[in-house]
Amino acid sequence: MQPANLIPLIVVLVVIAFALGYARSRALAVPMGGIKHLKSLPFYYAARAAMWCGLPALLVLACWLGFEGKVIQTLVVGSLPAELQPDSAGKASLILSQISNVASGALSADVVPPAIAEAASRLTGLQQSSQTMMALLVICIAVLGGFVAWLRIAPHINAREKFETTLRRIFFACAGLAILTTVGIVFSVIFETIRFFGKVPITEFLFGTSWSPQTAIRADQVGAEGAFGMIPLFVGTLLISAIAMVVAVPVGLMSAIYLSEYASPRMRGIIKPLLEMLAGVPTVVYGFFAALTVAPFISGLAAALGLQASAESALAAGLVMGIMIIPFVSSLSDDVINAVPQSLRDGSLALGATQSETMKKVIFPAALPGIMGGILLAVSRAIGETMIVVMAAGLAANLTANPLEAVTTVTVQIVTLLVGDQEFDSAKTLAAFALGMLLFVVTLALNVIALHVVRKYREQYD
Amino acid sequence: MSTLNTSISTEQTQREAPELAPAAVQDKPEETAIEYGQTVGTPFADDAKFRLRDVEVYYGESQAIKGVSLDIARNEVIAFIGPSGCGKSTFLRCLNRMNDSIDICRVKGSLELDGQDLYDPRRDVVELRARVGMVFQKPNPFPKSIYDNVAYGPRIHGLANRKSELDDIVEDSLRKAGLWNEVKDRLDAPATGMSGGQQQRLCIARTIAVSPEVVLMDEPCSALDPIATAKVEELIAELSESYTIIIVTHSMQQAARVSHRTAYFHLGNLVEVNATDKVFTAPEHKLTESYITGRFG
């Protein structure tokens, strides 16, 4: 039986266990004079039976699916004759793919050595028996678990508490899953990064001022010497992020001030959702807005002013990214400003301060740490932003501070390095992971600082 | 034995109370009735600082203040008392237009400070609030240093030309608020680190630093312990020499201790205004009597 069919079957069994458990707990309650004499409500007994039915079965199913492939592979490879035993990891995977291709019929059994064909048929056999065994085992566990739990329903058992405990563990497991995924991502990036630093020295990567990842394929190839200095990319990222923040911080902050201090509830009800709609625009739409509308406008304007501007410029990408981040800044600042107690506003107004004096001298200083935290989060968002810069900033790794020139960013280079057919052990591809690691470290640091700042601020009013 | 007696008598009172109350209302209907805009006692004064006539306040559709007329004399301490929700705080907040920030709040009637209309559209609210300061229920020092809290008002109104003048104002205000000796060595410390009573006296110092003519106090001691309350009450007595003070309070003992006149509000009506000792010894209105004897409120 396929695992896809097993899951609905388990669900059905769980429902049955629930229904039977409910019925049994009610039946037990009748001679005692009603469900109020049970330690817990029938729902909890039923839920407990359902959990005992479903959870162990699902757990076993997951484990089986997780280890099945590996175990079968080991068995198949181990049964190969001695002369075919792989001596390296690369060869092993080659033989395995050959075997599985034969087994799935993609490769004819006639063109491979008979030992391989034999292994293929063994693989098919093992897979089939594994599935049968798995289905039987899982169903047995579900039925057995449900039955035992059903039998153990007794009026004196506090099923409510046990249900609560199990539920708490499930929630914990879900939270743990998210963390484990993050850890997994970090490790996969770290290992590739270490491989990259085996090919390119870390000092060249961190301090090199030239970026040109085309490595030579032939020894006599021209113009593809390969340079992996990340400084131009990092400077490009910072330049664009800085432009974005110059746009987003004042506009976002002032709109937050307007919304929280000046706007009537009706105005607020209209403007706030509209502003937050900006956050809902897909970044790719911002990207072509930047590339097709803003960038030509800027180069035209620059030409009219007698300045040299390239068709793709840091300014265009930065401006549009700034617009994208406005709702981020305004929404966070709005929350922080609203969190400043009304009593402080009253105190200031009662002393004869105007609204703007109150804002400037009391509310803003009180909210500043929170606003700083919001801005730092927005910066890490700007640094990691990809789509707009891919479309509007360009690919040329210029080390420049001139916003009218084309620059490239860390994210853009990661995209271009990994798009298309690539060999996964060349310095060029591995560089993408090193860049990813760099981004990760920078944004992580910013987030940690931001969270720290925000937390410090929270303590003030608690 | 005595405990037993007490418990029996309490039980009896509780059992009898529901029967008594309606009977009492039926016996004296004319005395508990409130006529719109009518106040017994002495609501008017010759030398009025505030002259308030037929004041009505609405929150949206509901009327919070119903035709209140009252004079507040120069340099008097007047206490507003009454059960919760009777409108005394709302009325107080009309006097420096703090209700302006509430969108649905409308104020009608004639409100004059020294003969000038408070609600004249051309009137500068900033100037009004500099003349009529306010102390709130909960101490609300700014999250700044003690010095900056007191200097806040003088700075925005440009009361000091030099740092030394500002220092003098701060010291003077803190002395008047009886706080100078406690804080003179730590003026740069954050005000939020002070005790509740100190914070409230700091708020009073902050208010008098702009030399107002009137100080409004909205239950200034409700968040304070008895010792801090006693200190604030002492301070009110001292301040009454140079300021007109209007204090809203839930504590009748406090009203009796600090005020010259007492005004009793009931459901948005100003029921009775009289000299404080008269209100608490021989109230004219039945409702006032019920309130001060603890029948309700």
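## Contacts and overall make-up of chain B

Two residues are in contact if their C-beta atoms, placed from the backbone, lie within 7 Å. Among contacts in chain B between residues at least 6 apart in sequence, 70% join residues at least 24 apart. The model described here is predicted.

Chain B contains 12 helices and 11 strands. Of its 297 residues, 41% are buried.

Strands of a sheet pair through backbone hydrogen bonds, either parallel or antiparallel. In chain B, seven strands make an open sheet with mixed pairing, in the order β1-β11-β10-β4-β9-β8-β7. The edges are taken by β1 (40-41) and β7 of chain B; each has a single partner strand, so one side of each is left without a neighbour in the sheet.

Strand β4 (residues 77-81) of chain B is mostly covered, with five of its five residues buried. Val77(B), Ala79(B) and Ile81(B) point one way from β4(B), while Ile78(B) and Phe80(B) point the other way. In the sheet order, β4 stands between β10 and β9 of chain B. Strand β9 (residues 244-248) of chain B runs parallel to β4(B) and is joined to it by four bridges. Here Ala79(B) has Ile247(B) as its bridge partner. Strand β10 (residues 261-266) of chain B is also parallel to β4(B), again with four bridges. On that side, Arg261(B) in β10(B) stands opposite Ile78(B).

Strand β7 (residues 132-135) of chain B is covered on both faces. Val132(B) and Met134(B) lie on one side, Gly133(B) and Val135(B) on the other, and all are buried. The partner of β7(B) is strand β8 (residues 214-218) of chain B, and the two pair in the parallel sense over four bridges. Two of the residue pairings can be named: Val132(B) has Val214(B) as its bridge partner, and Met134(B) has Leu216(B).

## Helices α5 and α8

Helix α8 of chain B lies across β7 and β8 of chain B and runs at about 170° to β7(B). What does α8(B) meet among the helices, and at what angle do the axes cross? The axes of helix α5 (residues 146-156) and helix α8 (residues 196-208) of chain B come within 7 Å and cross at roughly 35°. This crossing of α5(B) and α8(B) is right-handed.

From α5(B), the contact uses Ile146(B), Asn149(B), Val150(B), Tyr152(B) and Gly153(B). From α8(B), the contact uses Leu202(B), Ala205(B) and Arg206(B). By class, the contact of α5(B) with α8(B) has five nonpolar, two polar and one charged residues.

## The four-stranded sheet

Chain B also has an open sheet of four strands in the order β3-β2-β5-β6, and the pairing is antiparallel. Strands β3 (62-73) and β6 (116-117) of chain B stand at its edges, each with a single partner strand, so one side of each has no neighbour in the sheet.

Glu112(B) stands opposite Asp117(B) in β6(B).

## A loop residue, Leu267

Leu267(B) is found in the loop between β10 and β11 (269-275) of chain B. Is Leu267(B) buried or partly exposed? A buried residue needs 20 or more other C-beta atoms within 10 Å of its own, and an exposed one has 12 or fewer. Leu267(B) has 15 other C-beta atoms within 10 Å, so Leu267(B) is partly exposed.

Leu267(B) and Lys88(B) are 179 residues apart along the chain, and their C-alpha atoms are separated by 9.3 Å.

The domain assignment divides chain A into domain 1 (3-157) and domain 2 (227-458). The C-alpha centres of domain 1 of chain A and domain 2 of chain A lie 48 Å apart.

Between the chains, 16 residues of chain A are in contact with 22 residues of chain B. On the side of chain A that touches chain B, the elements giving two or more residues are α11 (342-350) and α12 (355-384) of chain A. Of the elements on this side, α11(A) gives the most, with six residues. By class, this side of chain A has eight nonpolar, six polar and two charged residues.

Methods. Residues are numbered from 1 along each chain as its sequence is written. Chains are lettered from A and ligands numbered from 1 in the order in which they are written. This is a predicted model: local features need pLDDT of at least 70, side-chain atom pairs count only at pLDDT 80 or more; totals for chains, interfaces and linings use all residues. Domain bounds come from an automatic or database domain assignment. Two strands pair if DSSP finds at least two bridges between them. Ala, Val, Leu, Ile, Met, Phe, Trp, Tyr, Cys and Pro count as nonpolar, Asp, Glu, Lys and Arg as charged, and the others, Gly among them, as polar. Axes are lines fitted to C-alpha atoms, for helices over the stretch in contact, and angles run from 0 to 180 degrees between N-to-C directions. A crossing is left-handed if the near helix is turned anticlockwise from the far one by less than a right angle, and right-handed if clockwise.
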